[in-house]
Amino acid sequence: MRRRYVIAGAVQGVGFRFFASRQGRRLGLRGWVRNLPDGRVEVVAEGDAAHLAEFESVLARGPALASVTSVQQAEIADELEGLAAFEIR
């Protein structure tokens with residue numbers, strides 16, 4: 001499965017991308033994370049449903065300095081990008 005998350009709130013400049021990347025690797029997910037120009041953070045993650053559900057919970061909490069106001073989630077077609085790890089873009 002592959003899902004896209006868009007996280008809003010005080011999520012840039014607080015280590016959110018590093019946090020998301022570290023948590024994704026911890027859960028055995030593949031994917032990427034990047035800042036968006038409007039102040040939100042975008043994450044695409046590939047893995048099994050249980051680990052993606054746990055990952056979404058972790059994203060909603062964020063790192064200590066973040067203040068997450070919303071996490072929008074959308075399932076993406078099963079056409080995988082073939083990522084080998086979790087990277088920061």
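Modeller: What follows is a set of questions and answers about this model, which is predicted.

Biologist: In which order do the five strands form the open sheet?

Modeller: The two edge strands, which each pair on one side only, are β4 and β5. The pairing within the sheet is mixed, and the twist from one strand to the next averages 15°. Read across the open sheet, the five strands come in the order β4-β1-β3-β2-β5.

Biologist: How do β1 and β3 run, and which residue in β3 does tyrosine 5 stand opposite?

Modeller: As a general rule, strands of a sheet pair through backbone hydrogen bonds, either parallel or antiparallel. Here six bridges join β1 to β3, and these two strands run antiparallel. Across this pair, the residue that stands opposite tyrosine 5 is valine 43.

Biologist: Which strands does α2 lie across, and at about what angle does α2 run to β1?

Modeller: Helix α2 covers residues 49–61, and the strands that α2 lies across are β1, β3, β4 and β5. Relative to β1, helix α2 runs at about 10°.

Biologist: Which residues of α1 are buried, and what covers them?

Modeller: Helix α1 spans residues 16–26, and its buried residues are Phe16, Phe19, Ala20, Ser21, Gln23 and Gly24. In general, an α-helix has 3.6 residues a turn, so residues three or four places apart point the same way. Just after α1, glycine 28 takes a positive phi of about 75°. As for the cover over the buried residues of α1, it includes β1, β2, β3, α2, β4 and β5.

Biologist: Which residues have the most contacts inside the largest nonpolar core?

Modeller: In soluble globular proteins, nonpolar side chains tend to be buried together. The largest nonpolar core of this model has 16 residues, and the elements that give two or more residues to this core are β1, α1, β3 and α2. The residues with the most contacts inside the core are Tyr5, Phe16, Val43 and Phe55.

Biologist: Is arginine 3 buried or exposed, and what is its relative accessible area?

Modeller: Arginine 3 is found in strand β1, which covers residues 2–10, and the residues it touches include Val43, Leu52, Ala53 and Ile76. Although arginine 3 and isoleucine 76 are 73 residues apart in sequence, they are 5.3 Å apart in space, C-alpha to C-alpha. Because buried means under 20% relative accessible area, arginine 3 counts as buried, at 11%.

Biologist: Which residue does arginine 3 meet in a salt bridge?

Modeller: Side chains of opposite charge can pair when their charged atoms come close. In this salt bridge the N to O distance is 3.9 Å between arginine 3 and glutamate 75, and the pair links distant parts of the chain, with glutamate 75 in strand β4 and arginine 3 in strand β1, 72 residues apart.

Biologist: Which residues are linked with Arg4 in a network of salt bridges?

Modeller: The side chains of arginine 4 and glutamate 42 meet in a salt bridge with an N to O distance of 2.6 Å, and this pair joins strand β1 to strand β3 across 38 residues. Glutamate 42 is buried, at 5% relative accessibility, while arginine 4 is partly exposed, at 33%. The residues linked with Arg4 in the network are Arg34 and Glu42.

Biologist: How many salt bridges does the count come to?

Modeller: A further example is the salt bridge between aspartate 38 and arginine 40, whose closest N and O atoms are 2.8 Å apart. Arginine 40 is partly exposed, at 28% relative accessibility. For the model, the count of salt bridges comes to seven.

Terms used. Residues are numbered from 1 along each chain as its sequence is written. This is a predicted model: local features need pLDDT of at least 70, side-chain atom pairs count only at pLDDT 80 or more; totals for chains, interfaces and linings use all residues. Side-chain values use heavy atoms; hydrogens and water are left out. Helices (H or I, at least four residues) and strands (E, at least two) are DSSP runs, numbered from the N terminus. Buried means under 20% relative accessible area, exposed over 50%, partly exposed in between (1.4 Å probe, protein chains only). Contact means heavy atoms within 4.5 Å. A salt bridge is a side-chain nitrogen of Lys or Arg within 4 Å of a carboxyl oxygen of Asp or Glu. A nonpolar core is a set of buried Ala, Val, Leu, Ile, Met, Phe, Trp, Tyr and Cys residues joined through side-chain atoms within 4.5 Å. Two strands pair if DSSP finds at least two bridges between them. Axes are lines fitted to C-alpha atoms, for helices over the stretch in contact, and angles run from 0 to 180 degrees between N-to-C directions.
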